[in-house]
Amino acid sequence: MKYESTRGNSPAVSAAEAIKRGIAPDGGLFVPIEQVTLTDRELQNLIPLSYTERAVLILKSFLTHYTEEDLTRCVEAAYGGDKFDTPEVAPVKPLTPDTAVLELWHGPTCAFKDMALQILPQFLVRAMEKTGETSEIVILVATSGDTGKAALDGFADVPGTSIIVFYPEQGVSAVQRLQMVTQEGKNVHVLGVRGNFDDAQSSVKQVFGDKDFSEILEEKGYRLSSANSINWGRLVPQIVYYFSAYADLVRTGTVQPGEKINFVVPTGNFGNILAGFYAKAMGLPVHRLLCAANANNVLTEFIQTGTYDRNRKFLKTLSPSMDILISSNLERLLYELTGRQADKINRWMTELKTGGVYTVDQDIREKVSSHFWSDFASDRETLDTIRETWAQHRYLLDTHTAVAIHVLEKYRQATGDTTYSVVASTASPFKFNGSVAKAF
Ligand SMILES: *Cc1c(COP(=O)(O)O)cnc(C)c1O
């Protein structure tokens, strides 16, 4: 399996090379060239397996450059032992007869970023061996709060690497900031940025795109890479938990084999939900992917109208990990839905960069709506949802997951759809304890 750039101007590379580079040299994002599908039989085979066994089966079809033994080691190092506080890794908890919560925050930093960032360093170390890399890999990370700590934890003292995290000084919760600035390790660096997440992400992307700077670094024995979800190595481990959740629901008899379900995903950079899209494309029985946004609802507008317009005020909300106006991974979705037309992607991404807005063709808009539905929750609605969910079900939500629960309610009211739905829970309520307390 090779990987190509969404901008069409970089040579195809192996999985190891794509993971090592993070972003393609032409500024595009790496995507797998071939379509991976899982047969019903293979899906059935996942049911009795553990999370780590399921992970190896899914990962090996994308990371063909890695042997099964490599992947088993990566997966064990990431999810085995006591890294996660439950052997299930990503447990599915029933909330109501037609809704479950997929808890993705049982890793060391209490947010879903651990699902990918515990394993990315494992992939990277092996990628360096496979490609004969002699330079030190310097990971640059822009974070809205959760990626930073998860990446620091994953990369701390990993040989041959160092990591520099940029976070918006005024844009993260107290717990998030303390988690980052107290990180231990000889190769870790953390910087507060005067600006928001988009400023941090755009600047980091600009550094990646600076060829002269890369050359200077290379002479000195350094090579840049990314731990943001622009890196395919971040995205691919996220596909696993969509399959794992489905397998668990079939195992418990909650859904019938082959029955379609919805996934509701609190969304910022479009990384988590895009992994759900890839799972659907691989044959997972998914009816709709619900993209849940906060008041920075640029994606909701895009999914509803086909126009992506970032010309609006950046709002600070109670779900700070979703305070994003430029959702990088949408580029991958558009590349797939246009049938891989790099010229169109180049045009839209140039329009986004210069004027802050682009509109996709009618047929693409229809394709988007056939897979996705979107709405958003205000801070008020988020807090009400936390309080009501506790009152009704004695289940405590964090602010991001509450956004998703609220959007699911709106979806059911708007469409009357009764399909069984799984809500991705992206953070522990204790990570955003100030806001959760405020809800009560
Ligand atoms: C990162 C994050 C999100 C958004 O995920 P994306 O992949 O960027 O869409 C949502 N909730 C929490 C708690 C997060 O840390």
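This is a predicted model: local features need pLDDT of at least 70, side-chain atom pairs count only at pLDDT 80 or more; totals for chains, interfaces and linings use all residues.

**Terms and their grounds**

Reader: Why is F270 called buried?
Author: Buried requires a relative accessible area under 20%. The value for F270 is 1%, so F270 is buried. The loop that holds F270 runs between β10 (261-266) and α12 (271-281). F270 also belongs to a cluster linked by ring pairs, together with Y3, F62, W232, F277, Y278 and F372.

Reader: Why does N231 count as buried, and which residues does it touch?
Author: The limit is under 20%, and N231 has 1% relative accessibility, so N231 counts as buried. Leaving aside residues up to four places away in sequence, N231 touches A18, I19, G22, L120, S225, S226 and R332. N231 is placed in the loop between β9 (222-226) and α11 (232-251).

Reader: Why is the aromatic pair of Y308 and Y358 called stacked?
Author: The whole structure has 16 aromatic pairs. In the pair of Y308 and Y358, the centres are 5.6 Å apart and the planes 5° apart. Pairing needs centres within 6.5 Å, and stacking needs planes under 30 degrees apart; the pair is therefore stacked. Y308 lies in strand β12 (residues 307-309) and Y358 in strand β13 (residues 357-359), so the pair ties together parts that are 50 residues apart in sequence. Y308 is buried at 1% relative accessibility, and Y358 is buried at 2%.

Reader: What makes W348 and Y358 a stacked pair?
Author: Their values are 6.1 Å centre to centre and 15° between the planes. With limits of within 6.5 Å and under 30 degrees, this pair therefore counts as stacked. W348 lies in helix α15 (residues 342-354) and Y358 in strand β13, so the pair ties together parts that are ten residues apart in sequence.

Reader: How do you know that the charged end of K410 sits over the ring of F376?
Author: The charged end of K410 is 5.3 Å from the centre of the F376 ring, and the distance limit is within 6 Å. K130 lies over the face of Y66, at 5.4 Å from the ring centre.

Terms used
Residues are numbered from 1 along each chain as its sequence is written. Side-chain values use heavy atoms; hydrogens and water are left out. Helices (H or I, at least four residues) and strands (E, at least two) are DSSP runs, numbered from the N terminus. Buried means under 20% relative accessible area, exposed over 50%, partly exposed in between (1.4 Å probe, protein chains only). Contact means heavy atoms within 4.5 Å. Rings of Phe, Tyr and Trp (its six-membered ring) pair if their centres lie within 6.5 Å; planes under 30 degrees apart count as stacked, over 60 as edge-to-face and the rest as tilted. A charge sits over a ring if NZ of Lys or CZ of Arg is within 6 Å of the ring centre and within 35 degrees of the ring normal.
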